[in-house]
Amino acid sequence: MVKVLRLLAASLVAVLAISTAKVGAQAVGPVDKARPVAGDAGMSTMVVIERPEIRVLEDYAEPGATRRLHRHADATFHVFVLVTGRLVLTIEGESPVEVTQGQVLDLKGGVMHTFKNTGSVIATIVEVFGKAPPKAGGNGEALALAQAVADRAPK
């Protein structure tokens, strides 16, 4: 578990470096290196870290773009960080929620979800997935690290 937390901390430090750039309301990170998401116009994604115990993705949603209903079947936990922009996130069985820049959400691992960029700029999303059983007590440490990143994101 210590290894997973170290990897998570390293990935969140990378997110922090990206999110503290002088960007105003623009997308951050290497948007040009992300690949389009098949079937989801205006959506692109990039794998930042892929290891047996953790995955970190950086996603970009153009204004009006919708990520279709999907899930990450191998995820034991899922931390969703909106670095820039504004979204409406819908988790299967729940009411849609408005997500604003800097928010960190804890989604249940493997849950079906969808989101739409309701803002006027490209939204930058960082998603962190645990792929190994989390430490007893859940993923509170991951959420605390993600919240620290969000607190330093440009407003």
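This is a predicted model: local features need pLDDT of at least 70, side-chain atom pairs count only at pLDDT 80 or more; totals for chains, interfaces and linings use all residues.
1. Start with strand β6, residues 86-91, where the side chains alternate. L87, L89 and I91 point to one face and are buried.

2. Strand β6 has a partner in β7, residues 97-100. The two pair in the antiparallel sense, over 4 bridges. L89 stands opposite V97 of β7. Together β6 and β7 form a hairpin, with 5 residues between them. Look at G93 in the turn: its phi is positive, about 85 degrees.

3. Strand β6 also pairs with β9, residues 113-117. This pairing is antiparallel too, over 5 bridges. Here the bridge partner of L89 is F115.

4. Next, the core. The largest nonpolar core has 16 residues. F80, L87, L89, L107, F115 and I125 have the most contacts inside it. Strands β5 (77-84), β6, β8 (104-108) and β10 (123-130) each supply at least two residues of this core. The largest share, 3 residues, comes from β6.

5. What does L87 touch, leaving aside residues up to four places away in sequence? Its contacts include F80, L82, V97, V99, F115, A123 and I125. E98, K116, N117 and T118 are also among them.

6. There is a second, separate core of 10 residues. Among its members are I49, F77, V83 and V126.

7. R55 deserves a look. This residue lies in strand β3. Is R55 buried or exposed? It is buried, because its relative accessible area is 13%, and buried means under 20%. The side chain of R55 makes a polar contact with the side chain of D74, at 2.6 Å. Not counting residues up to four places away in sequence, R55 touches I49, E50, D74, E127, V128, F129 and K131.

8. Finally, check E53. Where is E53 found? It sits in the loop between β2 (43-50) and β3 (54-61). E53 is buried, since its relative accessible area is 10%, and the cut-off is under 20%. The C-alpha atoms of E53 and A75 are separated by 9.4 Å. Along the chain, these two residues are 22 residues apart.

How values were computed:
Residues are numbered from 1 along each chain as its sequence is written. Side-chain values use heavy atoms; hydrogens and water are left out. Buried means under 20% relative accessible area, exposed over 50%, partly exposed in between (1.4 Å probe, protein chains only). Two strands pair if DSSP finds at least two bridges between them. A polar contact is a pair of N or O atoms within 3.5 Å; within protein, one must be able to donate a hydrogen and the other to accept it, and residues adjacent in sequence count only if both atoms are side-chain atoms. Contact means heavy atoms within 4.5 Å. A nonpolar core is a set of buried Ala, Val, Leu, Ile, Met, Phe, Trp, Tyr and Cys residues joined through side-chain atoms within 4.5 Å.
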